[in-house]
Amino acid sequence: MKNITLLSLRFSQDGKGQWKTLLRSTADTERLGRAIGRILQGGEVIALTGELGAGKTCMVRGIAQGVGLSSEEVSSPTFTIIQEYDSHPSIVHVDLYRLNDPSEIEDIGLSSYFDTNHVVIIEWADRAEVTQLPNDRLILELSHAGRYSRWIRLRTSGTKSQALLETLFHQES
């Protein structure tokens with residue numbers, strides 16, 4: 001098992017190549033998000049999963065800050081499903097919570113954003129079929145650890161997301 005410290009957060013790697021750490025506050029969540037946002041170039045897909053209140057939108061706010069947006073510009077697109085933010089790279093924030101069936105993903109045109117110009121961040125990504133998402137994505141699984149703390153598990157599913165994670169871990173704290 002490997003350990004890495006980033007942003008004063010101690011990440012440990014399990015035998016499956018997943019990294020895990022405890023986020024003790026929303027400030028920790030946003031700080032990690034900002035670190036991710038600072039290294040995005042376009043073409044990345046970030047899949048967020050976790051129960052209600054696990055910190056998915058908080059993470060997106062941090063990522064948005066990392067690309068230069070203010071946190072006030074970011075809210076969960078629960079009713080609009082897709083929100084595109086004017087940033088560089090362009091952030092496309094997707095919330096699949098209200099979809100009743102994975103087939104609706106085709107109707108909203110999500111696949112049209114899977115290109116090198118956009119960073120697509122998908123809340124409730126587990127509501128999509130695996131085949132509806134790009135094979136290469138960074139997966140962030142958030143879960144409650146206490147009233148204000150959350151566990152986060154990071155895993156990759158391709159070479160681009162693996163390179164993103166390696167770049168993240170090589171940033172200065």
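Reply: Start with Ser76, which sits in the loop between H2 and S5. Helices here are DSSP runs of H or I with at least four residues, strands are runs of E with at least two, and both are numbered from the N terminus. This is a predicted model: local features need pLDDT of at least 70, side-chain atom pairs count only at pLDDT 80 or more, and totals for chains, interfaces and linings use all residues. Residues are numbered from 1 along each chain as its sequence is written, and side-chain values use heavy atoms, with hydrogens and water left out.

Ser76 has a relative accessible area of 28%, so it is partly exposed. The cut-offs are these: buried is under 20%, exposed is over 50%, and partly exposed lies in between (1.4 Å probe, protein chains only). Ser76 and Thr57 are 19 residues apart in sequence. In space, their C-alpha atoms are 6.0 Å apart.

Glu72 is in the loop between helix H2 (56–66) and strand S5 (82–85) too. Its relative accessible area is 68%, so Glu72 is exposed.

Now the whole chain. It has four helices and nine strands. Along the sequence they run β-β-β-α-β-α-β-β-α-β-β-β-α. Of the 173 residues, 50% count as buried. The C-alpha trace spans about 40 × 35 × 35 Å along its principal axes.
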